[in-house]
Amino acid sequence: MTTSAPAVSTAPAGLSAAPAADEGGRRSSRLVVRRSRRRSSRLLLNLAALGVFFISVFPVYWMVSTSFQPNRLIRQPDPSFAPTQPTGGNYHRVLFEESQFPFLDALRNSLLVTGFTVVAALVLALLAALAVTRFRFRSRRAFIVTILVVQMLPGEAMILSVFRLLDGWALTNTILGLTMVYVAAVLPFTIWTLRGFVAGVPIELEEAAMIDGCSRPRAFFTITFPLMAPGLIATGVFAFIQAWNEFVLALVLMNRPESLTLPVWLRSFKQVNSGTDWGAIMAGSTLMTIPVIVFFLFVQARMTTGLVSGAVKG
């Protein structure tokens with residue numbers, strides 16, 4: 001009985017490993033290509049972001065730079081991108097010129113009106129957002145649609161009615177009257193914005209706290225209200241910007257020198273007979289941005305979202 005010997009491969013040992021090596025080489029080359037493409041796309045995105053940053057910052061730089069230049073250099077045909085002859089005369093005219101309206105009075109009026117507007121708008125908008133989100137009642141949808149319709153109306157179309165109404169109440173040239181108008185102007189948007197934040201907070205948190213013995217007000221203020229802080233701050237930022245920069249209503253309702261707000265006060269440097277004092281306007285605009293920068297530095301760390309994620313087990 002004869003037995004056949006096992007077949008021995010006569011091919012070289014390197015041939016069987018060659019396809020695997022080629023496949024590994026192709027994979028590594030594709031990986032290198034992908035990494036280079038990612039680096040190139042990341043570099044392009046960084047360059048685009050840098051370009052957007054410079055485009056956004058340049059007007060602010062131009063304003064600050066122009067505020068330190070004398071008017072004769074500001075009006076020259078060739079622009080100067082840096083103050084060649086820096087001077088503080090523009091800031092002196094803005095702060096201490098007796099012929100102009102006082103800056104500190106306008107700053108006080110703007111701070112009072114803006115602060116009262118933000119606080120009142122947030123309180124009223126939070127109550128309205130809780131009502132339309134947490135409770136079911138008749139005409140709830142009609143109320144939400146009405147908010148959108150009111151937001152679409154241009155404020156300029158109601159200037160005459162608003163002026164006659166406040167004049168009949170003797171509230172023109174008063175902080176209270178302008179605050180009421182500003183609150184009415186920003187309230188529709190703040191209600192709509194806060195409605196989304198309130199709906200994003202799970203109601204199960206309040207229910208769990210009430211099961212543990214908390215009353216509904218205590219459950220709201222200890223559990224739900226802190227989680228709404230990002231929405232309140234984001235909405236407050238919108239109300240702050242609207243009230244701080246508003247010009248038309250303040251121009252119509254606050255026509256006395258002692259009751260001007262900063263945007264209307266800034267208009268006083270544009271005279272029909274003597275021309276426009278661009279240096280003083282730029283200096284006043286720079287001073288006007290300082291409270292805004294301070295406000296944003298104070299709230300930017302708190303403008304975060306997603307504080308509720310993971311609060312309820314799924």
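How many residues line the largest pocket, and which lie nearest its centre? The largest pocket has a lining of 23 residues, and Gly155, Met158, Val181, Ala185 and Leu249 are those nearest the centre. The model is predicted, with local features requiring pLDDT of at least 70 and side-chain atom pairs pLDDT 80 or more, while totals for chains, interfaces and linings use all residues. Residues are numbered from 1 along each chain as its sequence is written, and side-chain values use heavy atoms, without hydrogens and water.

A pocket is an open set of points on a 1 Å grid over the protein atoms alone, where a 1.4 Å probe fits, with protein on both sides within 12 Å along at least five of seven lines; lining residues have an atom within 4 Å of a point. The largest pocket holds about 610 Å³ of space. Helices H5 (140-152), H6 (159-168), H7 (175-200), H10 (229-245) and H11 (248-253) each give two or more residues to its lining, and H7 gives the most, with 7 residues. The lining comprises 18 nonpolar, 3 polar and 2 charged residues.

Elsewhere, helix H8 (residues 203-211) packs against helix H9 (residues 216-227) at an angle of about 140°, their axes 9 Å apart. Leu205, Glu206, Ala209 and Met210 of H8 meet Arg216, Ala219, Phe220, Ile223, Thr224 and Leu227 of H9, contact meaning heavy atoms within 4.5 Å. This contact has 7 nonpolar, 1 polar and 2 charged residues.

Technical notes:
Axes are lines fitted to C-alpha atoms, for helices over the stretch in contact, and angles run from 0 to 180 degrees between N-to-C directions. Helices (H or I, at least four residues) and strands (E, at least two) are DSSP runs, numbered from the N terminus. Ala, Val, Leu, Ile, Met, Phe, Trp, Tyr, Cys and Pro count as nonpolar, Asp, Glu, Lys and Arg as charged, and the others, Gly among them, as polar. Grid points are joined across faces, edges and corners, and a volume is the space filled by probe spheres set on the points.
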